[in-house]
Amino acid sequence: MDDQLITGYEGQVAALRGTVPGTDDLRAQALKDFADKGFPTARTEDWRYSDVRGLRQQVFGLAAPAATVPDLPETLGDVAARFVFVNGRYAEELSDLGDLWQAVQIRPLANHFMSNADRVAELVRGDDGVALLNTALLRDGIVLSIPAGVEIDDPIEILHVMTGADAAAAHVRHVIELGEGAVANIVERFVGDDTAYWTNAMLQARIAESAKLTHIRLQEEGAAAIHTAKAFVNVDAEGRYVAASLSTGGRVARFEAHVRLLGEEADAVIDGVALAATGQSHDMRTHVSHKVPAATSSQVFRTIADSRGKTSFAGKVTVDKDAQKTDAVQSFKALVFDKTAEANAKPELEIFADDVKCGHGATVGELDAKAIFYLTSRGIDPATARQMLVAAFTAAALERVPFDAVRDAMAARIDAWMAARADKSV
Amino acid sequence: MAGTAEAQKQISEITGDYKYGFVTDIESERAPKGLSEEVVRFISAKKNEPEWMLEWRLKAYAAWQKMEEPDWARVSYPKIDYNDIYYYSAPKRKKLQSLDEVDPELLATYAKLGIPLEEQKVLAGVEGAPRVAVDAVFDSVSVATTFREELKKAGVIFMSISEAIREYPDLVKKYLATVVPVRDNYFAALNCAVFSDGTFVYVPKGVRCPMELSTYFRINAENTGQFERTLIVADEGSYVSYLEGCTAPMRDENQLHAAVVELVALDDAEIKYSTVQNWYPGDKNGKGGIYNFVTKRALCKGKNSKVSWTQVETGSAVTWKYPSCVLQGEGSVGEFYSVAVTNNYQQADTGTKMIHMGANTRSTIISKGISAGKSQNTYRGLVKVLSGADNVRNYTQCDSLLVSSECGAHTVPYIEVRNPSAQIEHEATTSKISEDQLFYCRSRGLGEEEAVAMIVNGFCKEVMQHLPMEFAVEAQKLLGISLEGSVG
């Protein structure tokens, strides 16, 4: 890889030494592996649909603290707490912990390992250049430990804001731990201005027996941003992971969910919607790994690509030799609006057990002309008709979001996106 | 789980003990071991090839040397030493002028193969034998070509490719490597450099080929790679059905096979290409077996042309094979019907690519994978729609049946669409034989074995029905003739 890049990131790692006590060796190792592997290229199979050339063209500096306090979007309905990160740094004054601290252990990542040095080993290191760099450069993030039996009903919002961060990056890392039977709901939001920044976020979660974590993501980065995010989730017996994401922002955006079902009757639900236009590229990847018998997983993804937009979905389900009675389903549907747009799909099954039920379905097409005709014949204008059909098309990927306010907010963004398309075509 | 055990047994009957493992003792003439410019020159000289062909081969050889062996497929095998292989071996006997001259030993070989197509009768000159033309490829050189006269009357050219290079150089030059370019992939480049022989078919305008054309491939000499080259051109409005079937003798050492098949269909032409592949899969412990690295591609060049690939894959230790269609002509159609059975330690990574370039092009993919033993069976496919291709339609179905708890079934489909009017559908399922279905069949008085037979048969039926009659017999044999009988 380019020596300049390595030197640049070496300097950053050196500057961060000591900021998260206990992680210096981890950083050094991750940096070394990063130097070996480099950033993914167009020839890297797992990245074939993500164009991250931008990462190889320059060194993204560590984003400086924001010069001014940015305007924050409203929360999506009632929240149990709100954690705000500005340019990758925890903004205590903008956050609101509510009553959460009474029931839940909350720590900034920086202090997490002070009394738990051995827990450094639990940090996911990642196996490609992007994840390794997150590990080498991690500084801030939230560590949430929900004790056994504690149920936090309202969503906990984690808001990431990027501002005035041209050519700069934020490498955040969140750690979520749910004790036996605990319940928590995380809403991750990503917003930013028009500067050409890079958000490189990682979230790792451990869901203990019978616990349930909901993980909603709204990715609304600025138009010039690169967004790479990964979630690594381990689910124990009878635990549940329910995820839904909406991706509309950024220039190049990518989200990966790596879920390992480690206990019997563990369940994973991973849904997502991506809308790409005007040169945007949205890549969504899932890898659900069935490690034990009788676990279930279900995925519903819907994407729409308009003028020069590109949406991609790669969903992989792995069933280990011992994971009999696995039930895994996946549904992917894409709409392509324009000849300059592109939709890609790679729904992959990798099965080593025989007593399983695994299936996937994928379709690509355009909106049904007959349906539009029917609606317009009832006096609905074509733009509204299309909006209605898109709302119906995406609804399947949102219906498992357990909060009305959050689901409505996601649907409203899809409507707004469609409205912008209609304006454009006039 | 009794049903599973039964099914396992059946699979083992289908692919298990290889019935065709024998060695015919005909002295063969070989090129020196290994690969070099000299060997390429030797092969070209042996074939009395014109200068342009030699140059073409040498260029391919130079290109191959700079290429790297692909490693993306889900197959693993010990590294191949390309300098430890004989690249040319021909039966010593000169080319035969008539069938009477066919070596009795060779005829005996076909007899042992149990060729179901009655070609034995054809080869033996029996009156009233069905009209199936055989261009028998016996270890790299065409030994006998039958029915040439009748085909000639229809204007169909059906001969070994080395003959065609000499007799119809312009036709060959015009189409050779236009579908699979020399540098297409590692194994295709290797084939270009060293291909020993193969088949050339040209069906002229408006001609419906009067019979099914068939070639038997057979790897015979020890340590000999088989590098076949097939080129089929169907001119405007013509139709041809081509059958390819293969068996190979039992060996302990792995044998390399890297064939290239190119099909070209012009306006309104149709090519139906059927394969039954039953090469030696290695023994129960995964020892030996053929390495089958094949590049098969069709170019639907003309308007409303059609190419249909049907394959029944039961053999080879390692299979790397993706019969594909480039749908260039407006309204052209590509089809891929595949049954792949793997057992013991076999590894198959197979599938198709449908590249939609023209408007109103359509494709259908039906793939059935059956894994047993400790085998790994992968479907890998691509459906691609370019932005200029309006109103494209694709339907893909990939089903996998698992018959042991130690095997693997994998599905890796790619879908890439750049046109809004495309309608692409993909479905995949993986499951074991349903206990409910077994129970239902048994409650109707069917025996365990019959019940499993019925289910396995039903599982593959969509593909089997696309095989030509002559081939269906052999394919059914491979999938267990006793089972077929009980189903009626």
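Residues are numbered from 1 along each chain as its sequence is written, while chains are lettered from A and ligands numbered from 1 in the order in which they are written. Because the model is predicted, local features need pLDDT of at least 70 and side-chain atom pairs count only at pLDDT 80 or more, whereas totals for chains, interfaces and linings use all residues.

Chain A is divided into domain 1 (1-222), domain 2 (263-366) and domain 3 (369-426), with bounds that come from an automatic or database domain assignment. The centres of domain 2 and domain 3 of chain A, taken over C-alpha atoms, are separated by 22 Å. To the contact between them, domain 2 of chain A contributes eleven residues and domain 3 of chain A ten residues, two residues being in contact if their C-beta atoms, placed from the backbone, lie within 7 Å.

On the side of domain 2 of chain A that touches domain 3 of chain A, two or more residues each come from strand S15 (267-276) and strand S17 (296-305) of chain A, strands being DSSP runs (E, at least two residues) numbered from the N terminus. The most is given by S15(A), with five residues.

In chain B, B:Leu402 is found in strand S22 (residues 393-402). B:Leu402 counts as buried because 28 C-beta neighbours lie inside 10 Å, the term requiring 20 or more other C-beta atoms, placed from the backbone, within 10 Å of a residue's own. Leaving aside neighbours within four places in sequence, the residues in contact with B:Leu402 include A:Asp354, B:Ser371 and B:Lys432.

Terms used:
Helices (H or I, at least four residues) and strands (E, at least two) are DSSP runs, numbered from the N terminus. A residue is buried if 20 or more other C-beta atoms lie within 10 Å of its own, exposed if 12 or fewer, and partly exposed in between; C-beta atoms are placed from the backbone.
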